[in-house]
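Thank you all for coming.

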Amino acid sequence: GWMLLFQTALIGSIFFLGATEPGKNPLWVALAAFFVTLFSASQDIVIDAYRREDLADEELGLGSSLYITGYRVGMLLAASGGLILADHLSFSAAYTILALCLLPGIVTTLLTPEPPTPFGVPASLKEAIIEPFTEYFSRSNAVWILAFILLYKIGDTMAGAMTAPFYVDLNFSKTEVATVVKLFGFPPILIGTAIGGLLMLRLGINRSLWIFGILQAVSTAGFCLLAQIGHNLPALAAVIAFENLSAGMGTSAYAAFMASITNKKFTAT
(Lines give C-alpha, C1' and ligand atoms only; values in the text may rest on other atoms or scores of the structure.)
Protein backbone atom coordinates (compact mmCIF):
# COMPACT_ATOMS: atom_id res chain seq x y z
CA GLY A 1 0.00 0.00 0.00
CA TRP A 2 2.79 2.44 0.89
CA MET A 3 4.68 1.52 -2.29
CA LEU A 4 1.63 2.25 -4.46
CA LEU A 5 1.03 5.58 -2.69
CA PHE A 6 4.61 6.78 -3.20
CA GLN A 7 4.79 5.59 -6.82
CA THR A 8 1.57 7.45 -7.65
CA ALA A 9 2.84 10.57 -5.86
CA LEU A 10 6.17 10.27 -7.70
CA ILE A 11 4.44 10.20 -11.10
CA GLY A 12 2.49 13.31 -10.15
CA SER A 13 5.58 15.16 -8.90
CA ILE A 14 7.59 14.33 -12.07
CA PHE A 15 4.70 15.67 -14.20
CA PHE A 16 4.74 18.75 -11.96
CA LEU A 17 8.50 19.20 -12.46
CA GLY A 18 8.11 18.95 -16.25
CA ALA A 19 5.39 21.63 -16.20
CA THR A 20 7.56 24.22 -14.39
CA GLU A 21 9.46 27.04 -16.12
CA PRO A 22 12.91 27.39 -14.51
CA GLY A 23 13.64 30.75 -16.16
CA LYS A 24 10.44 32.34 -14.85
CA ASN A 25 9.56 30.53 -11.61
CA PRO A 26 12.60 28.90 -9.97
CA LEU A 27 10.66 28.53 -6.70
CA TRP A 28 8.19 26.14 -8.37
CA VAL A 29 11.12 24.14 -9.76
CA ALA A 30 12.63 23.85 -6.28
CA LEU A 31 9.28 22.75 -4.84
CA ALA A 32 8.73 20.16 -7.58
CA ALA A 33 12.29 18.83 -7.18
CA PHE A 34 11.75 18.59 -3.42
CA PHE A 35 8.66 16.40 -3.95
CA VAL A 36 10.44 14.23 -6.55
CA THR A 37 13.35 13.53 -4.19
CA LEU A 38 11.05 13.06 -1.17
CA PHE A 39 8.81 10.48 -2.86
CA SER A 40 11.76 8.83 -4.62
CA ALA A 41 13.59 8.30 -1.31
CA SER A 42 10.35 7.09 0.30
CA GLN A 43 9.85 4.55 -2.48
CA ASP A 44 13.44 3.30 -1.96
CA ILE A 45 12.75 2.81 1.76
CA VAL A 46 9.57 0.83 1.14
CA ILE A 47 11.21 -1.35 -1.53
CA ASP A 48 14.10 -2.09 0.87
CA ALA A 49 11.58 -2.95 3.60
CA TYR A 50 9.66 -5.22 1.23
CA ARG A 51 12.86 -6.97 0.15
CA ARG A 52 13.74 -7.70 3.78
CA GLU A 53 10.24 -8.93 4.68
CA ASP A 54 9.69 -11.03 1.56
CA LEU A 55 13.07 -12.79 1.23
CA ALA A 56 14.37 -15.53 3.51
CA ASP A 57 17.79 -14.87 5.08
CA GLU A 58 19.56 -17.21 2.65
CA GLU A 59 17.97 -15.37 -0.31
CA LEU A 60 19.10 -11.89 0.75
CA GLY A 61 22.48 -12.06 -1.03
CA LEU A 62 21.13 -12.89 -4.48
CA GLY A 63 18.02 -10.76 -3.94
CA SER A 64 20.12 -7.72 -3.02
CA SER A 65 22.39 -8.20 -6.03
CA LEU A 66 19.40 -8.40 -8.40
CA TYR A 67 17.90 -5.28 -6.81
CA ILE A 68 21.17 -3.33 -7.18
CA THR A 69 21.54 -4.49 -10.81
CA GLY A 70 18.05 -3.21 -11.63
CA TYR A 71 18.73 0.05 -9.81
CA ARG A 72 21.98 0.69 -11.73
CA VAL A 73 20.39 -0.11 -15.11
CA GLY A 74 17.50 2.20 -14.26
CA MET A 75 19.90 5.01 -13.31
CA LEU A 76 21.84 4.63 -16.56
CA LEU A 77 18.73 4.54 -18.74
CA ALA A 78 17.10 7.47 -16.93
CA ALA A 79 20.22 9.66 -16.95
CA SER A 80 21.31 9.02 -20.54
CA GLY A 81 17.81 8.37 -21.93
CA GLY A 82 16.41 11.49 -20.32
CA LEU A 83 19.10 13.70 -21.86
CA ILE A 84 18.64 12.11 -25.29
CA LEU A 85 14.86 12.65 -25.09
CA ALA A 86 15.36 16.28 -24.05
CA ASP A 87 17.61 16.79 -27.09
CA HIS A 88 14.78 15.82 -29.46
CA LEU A 89 11.63 16.78 -27.48
CA SER A 90 10.65 19.53 -25.09
CA PHE A 91 11.65 19.09 -21.44
CA SER A 92 7.96 18.82 -20.56
CA ALA A 93 7.51 15.90 -22.99
CA ALA A 94 10.72 14.23 -21.75
CA TYR A 95 9.57 14.43 -18.11
CA THR A 96 6.14 13.08 -19.11
CA ILE A 97 7.78 10.02 -20.69
CA LEU A 98 9.99 9.53 -17.60
CA ALA A 99 6.92 9.76 -15.36
CA LEU A 100 5.14 7.12 -17.45
CA CYS A 101 8.18 4.83 -17.02
CA LEU A 102 6.89 4.29 -13.46
CA LEU A 103 3.74 2.55 -14.73
CA PRO A 104 5.42 -0.93 -14.94
CA GLY A 105 6.40 -0.44 -11.28
CA ILE A 106 2.79 0.29 -10.35
CA VAL A 107 1.58 -2.81 -12.25
CA THR A 108 4.23 -4.88 -10.42
CA THR A 109 3.12 -3.45 -7.08
CA LEU A 110 -0.53 -4.32 -7.79
CA LEU A 111 0.40 -7.90 -8.78
CA THR A 112 2.82 -8.46 -5.88
CA PRO A 113 1.45 -10.21 -2.75
CA GLU A 114 1.77 -8.54 0.63
CA PRO A 115 4.56 -10.32 2.58
CA PRO A 116 3.60 -12.07 5.82
CA THR A 117 4.44 -10.23 9.06
CA PRO A 118 4.81 -12.94 11.73
CA PHE A 119 6.73 -10.51 13.97
CA GLY A 120 3.89 -8.00 13.90
CA VAL A 121 3.92 -4.38 12.78
CA PRO A 122 4.29 -1.13 14.76
CA ALA A 123 0.92 0.05 16.08
CA SER A 124 1.96 3.61 16.96
CA LEU A 125 4.53 6.28 16.05
CA LYS A 126 6.42 5.43 19.25
CA GLU A 127 6.69 1.79 18.17
CA ALA A 128 7.69 2.83 14.66
CA ILE A 129 10.30 5.45 15.60
CA ILE A 130 11.58 4.91 19.17
CA GLU A 131 11.45 1.12 19.57
CA PRO A 132 13.60 0.25 16.54
CA PHE A 133 16.50 2.30 17.96
CA THR A 134 15.96 0.92 21.47
CA GLU A 135 15.93 -2.64 20.11
CA TYR A 136 19.03 -2.09 17.96
CA PHE A 137 21.18 -0.51 20.67
CA SER A 138 20.21 -3.24 23.12
CA ARG A 139 22.26 -5.69 20.99
CA SER A 140 25.66 -6.65 22.38
CA ASN A 141 27.74 -5.45 19.38
CA ALA A 142 25.48 -2.60 18.22
CA VAL A 143 28.16 0.13 18.14
CA TRP A 144 30.72 -2.11 16.40
CA ILE A 145 28.17 -3.14 13.76
CA LEU A 146 27.31 0.52 13.18
CA ALA A 147 31.00 1.40 12.86
CA PHE A 148 31.46 -1.43 10.36
CA ILE A 149 28.49 -0.20 8.27
CA LEU A 150 29.91 3.34 8.24
CA LEU A 151 33.47 2.28 7.38
CA TYR A 152 33.09 -0.72 5.02
CA LYS A 153 32.60 1.36 1.85
CA ILE A 154 34.32 4.57 2.96
CA GLY A 155 37.64 3.90 1.20
CA ASP A 156 35.86 2.94 -2.00
CA THR A 157 33.63 6.01 -1.82
CA MET A 158 36.46 8.45 -1.08
CA ALA A 159 38.54 7.01 -3.92
CA GLY A 160 35.55 7.37 -6.23
CA ALA A 161 35.23 11.06 -5.30
CA MET A 162 38.89 11.63 -6.26
CA THR A 163 38.71 10.03 -9.72
CA ALA A 164 37.48 13.05 -11.74
CA PRO A 165 40.46 15.34 -10.88
CA PHE A 166 42.74 12.28 -11.07
CA TYR A 167 41.80 11.68 -14.74
CA VAL A 168 42.43 15.36 -15.49
CA ASP A 169 45.88 15.17 -13.89
CA LEU A 170 46.73 12.20 -16.11
CA ASN A 171 45.58 14.17 -19.20
CA PHE A 172 42.72 11.85 -20.17
CA SER A 173 40.27 13.65 -22.44
CA LYS A 174 36.54 13.92 -21.68
CA THR A 175 35.83 11.52 -24.55
CA GLU A 176 38.30 8.96 -23.19
CA VAL A 177 36.81 9.21 -19.70
CA ALA A 178 33.25 8.94 -21.02
CA THR A 179 34.07 5.96 -23.24
CA VAL A 180 36.24 3.95 -20.85
CA VAL A 181 34.94 4.93 -17.40
CA LYS A 182 31.23 5.35 -18.14
CA LEU A 183 30.50 2.96 -21.02
CA PHE A 184 33.21 0.27 -20.79
CA GLY A 185 33.08 0.41 -16.97
CA PHE A 186 29.34 -0.22 -16.70
CA PRO A 187 29.14 -3.97 -17.60
CA PRO A 188 31.78 -4.96 -14.98
CA ILE A 189 29.60 -3.37 -12.26
CA LEU A 190 26.63 -5.51 -13.33
CA ILE A 191 28.78 -8.63 -13.65
CA GLY A 192 30.38 -8.02 -10.23
CA THR A 193 26.96 -7.50 -8.64
CA ALA A 194 25.67 -10.76 -10.16
CA ILE A 195 28.81 -12.73 -9.20
CA GLY A 196 28.60 -11.33 -5.67
CA GLY A 197 25.01 -12.50 -5.31
CA LEU A 198 25.79 -15.99 -6.58
CA LEU A 199 28.92 -16.36 -4.41
CA MET A 200 26.97 -15.35 -1.32
CA LEU A 201 24.70 -18.35 -1.86
CA ARG A 202 27.75 -20.58 -1.39
CA LEU A 203 29.95 -18.56 0.98
CA GLY A 204 27.37 -16.77 3.13
CA ILE A 205 27.22 -13.03 3.75
CA ASN A 206 29.95 -12.67 6.41
CA ARG A 207 32.69 -14.57 4.54
CA SER A 208 31.76 -12.72 1.35
CA LEU A 209 32.16 -9.37 3.12
CA TRP A 210 35.78 -10.25 3.98
CA ILE A 211 36.69 -11.48 0.50
CA PHE A 212 34.93 -8.68 -1.37
CA GLY A 213 36.34 -6.07 1.04
CA ILE A 214 39.91 -7.23 0.36
CA LEU A 215 39.23 -7.15 -3.39
CA GLN A 216 37.91 -3.58 -3.06
CA ALA A 217 41.12 -2.54 -1.29
CA VAL A 218 43.32 -4.18 -3.96
CA SER A 219 41.28 -2.59 -6.77
CA THR A 220 41.63 0.88 -5.19
CA ALA A 221 45.38 0.30 -5.05
CA GLY A 222 45.19 -0.19 -8.83
CA PHE A 223 44.80 3.59 -9.16
CA CYS A 224 48.23 3.96 -7.48
CA LEU A 225 49.64 1.79 -10.27
CA LEU A 226 47.83 3.85 -12.90
CA ALA A 227 49.33 7.03 -11.37
CA GLN A 228 52.80 5.53 -12.02
CA ILE A 229 51.96 4.38 -15.56
CA GLY A 230 50.36 7.67 -16.59
CA HIS A 231 48.18 8.30 -19.63
CA ASN A 232 47.51 4.79 -20.92
CA LEU A 233 44.05 3.70 -22.15
CA PRO A 234 44.48 -0.09 -21.76
CA ALA A 235 45.76 0.42 -18.20
CA LEU A 236 42.82 2.73 -17.42
CA ALA A 237 40.38 0.15 -18.83
CA ALA A 238 41.93 -2.65 -16.75
CA VAL A 239 41.87 -0.63 -13.52
CA ILE A 240 38.29 0.53 -14.09
CA ALA A 241 37.08 -2.99 -14.96
CA PHE A 242 38.64 -4.52 -11.83
CA GLU A 243 37.52 -1.65 -9.58
CA ASN A 244 33.92 -1.81 -10.84
CA LEU A 245 33.83 -5.61 -10.64
CA SER A 246 34.95 -5.63 -7.00
CA ALA A 247 32.72 -2.64 -6.15
CA GLY A 248 29.70 -4.49 -7.54
CA MET A 249 30.54 -7.56 -5.43
CA GLY A 250 31.16 -5.47 -2.30
CA THR A 251 27.94 -3.47 -2.68
CA SER A 252 25.89 -6.67 -3.00
CA ALA A 253 27.34 -8.10 0.21
CA TYR A 254 27.01 -4.74 1.99
CA ALA A 255 23.30 -4.40 1.13
CA ALA A 256 22.63 -8.04 2.03
CA PHE A 257 24.41 -7.65 5.39
CA MET A 258 22.39 -4.56 6.36
CA ALA A 259 19.17 -6.35 5.40
CA SER A 260 20.17 -9.48 7.35
CA ILE A 261 20.62 -7.60 10.65
CA THR A 262 17.34 -5.67 10.27
CA ASN A 263 14.56 -6.62 12.66
CA LYS A 264 11.63 -7.74 10.51
CA LYS A 265 9.19 -5.77 12.63
CA PHE A 266 10.96 -2.47 11.88
CA THR A 267 12.10 -2.91 8.27
CA ALA A 268 11.09 0.52 6.96
CA THR A 269 12.54 2.40 9.97
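This is a predicted model: local features need pLDDT of at least 70, side-chain atom pairs count only at pLDDT 80 or more; totals for chains, interfaces and linings use all residues.

By about how much of the helix are Trp2 and Phe6 separated in helix 1? They are 4 residues apart in helix 1, residues 2–19, and that puts about one helical turn between them; helices here are DSSP runs of H or I with at least four residues, numbered from the N terminus.

Residues are numbered from 1 along each chain as its sequence is written, and side-chain values use heavy atoms, with hydrogens and water left out.

The structure holds 12 aromatic pairs, where ring centres of Phe, Tyr or Trp (its six-membered ring) lie within 6.5 Å, with planes under 30 degrees apart called stacked, over 60 edge-to-face and the rest tilted. Trp2 and Phe6 make a stacked pair, 5.6 Å centre to centre with 25° between the planes. Trp2 is exposed at 59% relative accessible area, whereas Phe6 is buried at 14%; buried means under 20%, exposed over 50%, and partly exposed in between, with a 1.4 Å probe and protein chains only.

Phe148 and Phe257 are edge-to-face, because their centres are 5.3 Å apart and their planes stand at 80°. This pair links distant parts of the chain, with Phe148 in helix 7 and Phe257 in helix 12, 109 residues apart. Phe148 is partly exposed at 29%, and Phe257 is buried at 11%. Together with Tyr152 and Tyr254, Phe148 and Phe257 form one aromatic cluster.

Definitions and conventions. Helices (H or I, at least four residues) and strands (E, at least two) are DSSP runs, numbered from the N terminus.
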